[in-house]
Amino acid sequence: MTKKRPFGVTLLALLAGLAFIVALIHTLQMLHLLPIRGPFGEAHFFTFDALGALLWGVMAAIYLWVFRMLWNLNPQGWLFVVVIAVLNLILAFMSIFGQSTWQSMMPALVVNGLVLIYGMLPGTKAAFGVASK
């Protein structure tokens, strides 16, 4: 018997997929495979872009895994998507302190902010069986 996926879970999974794409773009920028100076500004990670590429690449891989968990209605997906959104926001702010522009990190900040806000809504938590206090 297959479970029916609620709309909120589908939306959260799609936001996680969008966050994967943003993290992948930042990875390719820091690897110098895409232009470092994109439409939103320059992307750097202190003076060592390879470390930034590694960190953004790990975040992209985790977001792809979380997308799969959410799409398959795994109840642990909610916890992982909230934790990874917070970690991705921290990485975006570290990138800003490490010589990236606000504009270049704006897609990561907006998408991960939306994931975190939507993930913390009571209806979304209830869909995963997380009790609100």
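How are helix 3 and helix 4 oriented to each other, roughly parallel or roughly antiparallel? I will come to that after a word on the model. This is a predicted model, where local features need pLDDT of at least 70 and side-chain atom pairs count only at pLDDT 80 or more, while totals for chains, interfaces and linings use all residues. Residues are numbered from 1 along each chain as its sequence is written, and side-chain values use heavy atoms, with hydrogens and water left out.

Helices here are DSSP runs of H or I with at least four residues, numbered from the N terminus. For the axes, lines are fitted to C-alpha atoms over the stretch in contact, and angles run from 0 to 180 degrees between N-to-C directions.

Back to the opening pair. Helix 3, residues 77-97, packs against helix 4, residues 102-120, at an angle of about 155°, and their axes are 9 Å apart. Helix 3 and helix 4 are therefore roughly antiparallel, the term for angles over 145 degrees. Their crossing is left-handed, meaning that the near helix is turned anticlockwise from the far one by less than a right angle. The contact, defined by heavy atoms within 4.5 Å, includes W78, V81 and F93 in helix 3 and W102, M105 and L109 in helix 4. By class, its residues are 16 nonpolar, five polar and no charged. Nonpolar covers Ala, Val, Leu, Ile, Met, Phe, Trp, Tyr, Cys and Pro; charged covers Asp, Glu, Lys and Arg; the others, Gly among them, are polar.

Next, helix 2 with helix 3. The angle is about 160° and the axes are 10 Å apart, so helix 2 and helix 3 are also roughly antiparallel. The crossing is again left-handed. Among the residues that meet are L55, W56 and Y63 from helix 2, with F80, I84 and L91 from helix 3. This contact has 17 nonpolar, three polar and no charged residues.

Helix 1 and helix 2 pack at about 160°, with axes 8 Å apart. That pair is therefore roughly antiparallel too, with a left-handed crossing. The contact of helix 1 with helix 2 divides into 19 nonpolar, six polar and one charged.

On helix 1 itself: residues 7-30, 24 residues, reaching 35 Å from first C-alpha to last, close to the 34 Å expected. The expected span is 1.5 Å times one less than the number of residues. After helix 1 comes H32, with a positive phi near 65°.

Last, the aromatic rings. Rings of Phe, Tyr and Trp (its six-membered ring) pair if their centres lie within 6.5 Å; planes under 30 degrees apart are stacked, over 60 edge-to-face, and the rest tilted. The count is three aromatic pairs. One of them, F67 with W71, is stacked, at 5.8 Å centre to centre and 25° between planes. Being four residues apart in helix 2, residues 49-71, F67 and W71 are separated by about one helical turn.

Conventions:
Helix = DSSP H or I, 4+ residues; strand = E, 2+ residues; numbered from the N terminus. Parallel < 35°, antiparallel > 145°, perpendicular 65-115°, else oblique.
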